[in-house]
Amino acid sequence: MKLIYSLLLVLSGLIVVNAQKTYTVEGTVQDFHDKSMLENAEVKIGDFSTRTDKKGKFSFSKIPAGNYVLIAKHPDCHDYTENIGVDQDLHLGITLEHHVEDIETVTIHGSHKTNGSLIIKTLDKSEIERNSTDNLGNLLSKISGVTALKTGNNISKPIIHGLYGSRINILNNGVRLAEQEWGVEHAPNVDINNFRHIDVVKGASALKYGSDAIGGVVIMEPEIFPKKDTIKGSVNLSGISNGRGLGLDVDIAKTWKNGWAVKSGGSIRKLGDQHAPDYNLMNTGMDFSSFNFTVQKNSYEQGISFDYYLTNQNIGIYRGSHMGNNNDFYNATTYKIPVYTGTFSYDIDNPRQLIEHHIAKVSAFKRFENIGKVSATYSFQYNHRQEYDIRRGELKNTPSLDLALMTHQFNLNDLLEREKWSLETGIDASFQNNYSDPATEARRLIPNYDKYAAGIYSIFKYKLSHNLNVEAGARYDFTRYDVTKWYDKSDWEKLYADSYPQFYVKTNQNRILTRPQLDYNNISFNAGLEYHPNNNFNLKFNYAKVGRTPNIAELFSDGLHHSAAVIEIGDIGLKNEQGHQFNLVADAKFNVLRGLNVSVNPYFFITKNFINEIPTGVQNTIRGVFPVWSYQQIDAKMYGIDVDVNWKLTDELSYIGRGSYLYGQDDTHNEPLILMMPPNFSNAVQFKKESWNNFYFSLENQTFLKQTRFPVHNASVTIYENGDEVEKTVDLSTPPGGYSLWNIQTGINISKNLSAGLIVNNLFDVSYRDYLNRMRFFADEAGRNFILNVRYRF
């Protein structure tokens, strides 16, 4: 019996000893994508808990043997869960993934940590929703240093620091728009209501988007969907007084917890003739519609998305811009009240534009532990542009310009991030085909062509210290144009026969068929730094050496650009633009009242072989009298400054100010550059009260001074006065006077899901003309406009 008791005691002792056996469990917690160690992450093993130190390390010294559930948590990451068995000392490496809301997409948002030395300004969703009836060019004018080049009020394209057209890249959800952007009256074919935020990168430092974007980049990004089972959407109805218009935009999204999401939406907008304070603007109506569809499956580690966008626009061109003879043309540019006013109508007659634009995109990404985030995007675009002139007889309903542009684009990008550095590398490739339909029976302004383009880029960023970051990037681009073009025999022999005999194909009566094949190579690079000594001051500097290939219009334009009401002449001999660009921005915060933020952005751009388009005369054609604009190559410089002030006076009341000044000089001819933004500034006070159902009220004064620096390129025409021929000078140079406008914005939440907003533009119905509006020669700008928005969210 004693032997049995002894054995039981020994066995019990072994059990107790074994039960009390403990082990050490230690390890690290790090970020998945940049491998940085995460401080203050909570690590739990059963009932035991600890937190990581500054180096991301954790340690448990006495964990009894057994099986446990390990949980690691961090405020910015998904929870990590794992079953572990503790029967020996363990060293664990735990990797946490960011929340889906923080997934960095293909672009750079103003608040993203990767923007480095880029000069970025952002319009958020609330700003977009308040101005849902605006076009992109007018909307971006709310950012300092950004204005709009207009053809009337419905056609508007952004200008950044005096540069526009193909010098600015516009990205729709990662896809660069390809839409005959060379035209001064070719507005971007986008619906601003599709996007969650719109970022403007000022300057040429964003090399990943192309070396030709020497003015900057406009990045439009849709919403990133949460990973949860829900359905949501909104319906917005707009009423527009000037033009007696209506607008409707709708979107709906269904998301699932497993990462799937489906979204669809669209807009419709109808406007009749707009009116200036003193008269009707004949034939300035517009029909606009859009549709978008997205289906995607995303997680932090990988994702795939299919996106489709469609826009249709039918835009009337002010009737008074097309004149049939010299007398009418001269009178149209000198009379205070235009000849063509008429009565209000919803009809859109010639001259007009009809544009259809499709984008289909497939994109995917996957994160790899050692090589980073790899993204690939393929897109197809189809742009069909028809421009209708005032024609008679059988050709009345036949467009004078009919262009079909098909574009294929592919991008492969790798972003490798570590705790102190990142490396982004990618390749671009594109093919573009343009077909100019001869059924127009008009001279082809733009010839048939194929465009092949490819680029490679690399951007390196390094964190020298906790308050100093540096970066450098380089890019190489190749472009080939393969063009089929007819020239008048006299023009070819006079201008190009001796220099380009290899392009000659054949002669047909008084016409010469040519096949130009032009190759261009560009190397660009940039360097920048960001200095952030404390939370109250941030300094960014960026230098870029840029190169831009001439676009197809600059090389080959030849004839009447109908909806622009000008004759354009290109030059096949144009070379690459080469320039140096410097951008500096200083952001400072001051503890004055509730907080004062000031941002100052001086910049300087010097360029060789800058391609400039200027008026060189007036030509009388069978379709009427039109100014002639020709492309030339010059040496030039531009410099200026943008200032932004945001001063929170009380918890509810704020002052918001901005101002811009730009100096542009043609060094070749020692004269000012044409179409430079005049000095301008804006002052606004805004009142917000969340407890009053999110009520807000904003009163803004916007002032543009007269542009006093301009080149003189006037033209002479012969008119008849009292039966005698008289030579008259048409002033195509002198800018109009300055102007000051008052605008109001207000809104309130009527209920939980219903809100309303009111905008009043040009409150006092001021008559004025805008120097950057190509219709300023013929009519005043539109007058006062009330816009009422009612939005329902679900």
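How many residues does the hairpin use to join strand 33 to strand 34? I looked this up first, and the hairpin joins them through two residues.

Ground rules. I am working from a predicted model, where local features need pLDDT of at least 70, side-chain atom pairs count only at pLDDT 80 or more, and totals for chains, interfaces and linings use all residues. Residues are numbered from 1 along each chain as its sequence is written, and side-chain values use heavy atoms, with hydrogens and water left out.

Strand 34. I took strands as DSSP runs (E, at least two residues), numbered from the N terminus, and called two strands paired if DSSP finds at least two bridges between them. Strand 33 (residues 596–621) runs antiparallel to strand 34 with 23 bridges; Pro-602 has Ile-641 as its bridge partner in strand 34. Strand 34 (residues 624–648) also pairs with strand 31 (residues 566–569), in the parallel sense, over three bridges. There I found Ile-567 opposite Val-628. Strand 35 (residues 653–666) is antiparallel to strand 34, with 13 bridges, and Val-643 is partnered by Gly-659. These two strands form a hairpin with four residues between them.

Domains. I noted domain 1 (22–98) and domain 2 (220–793), with bounds from an automatic or database domain assignment. Their C-alpha centres lie 52 Å apart. The contact (heavy atoms within 4.5 Å) takes nine residues from domain 1 and seven from domain 2.
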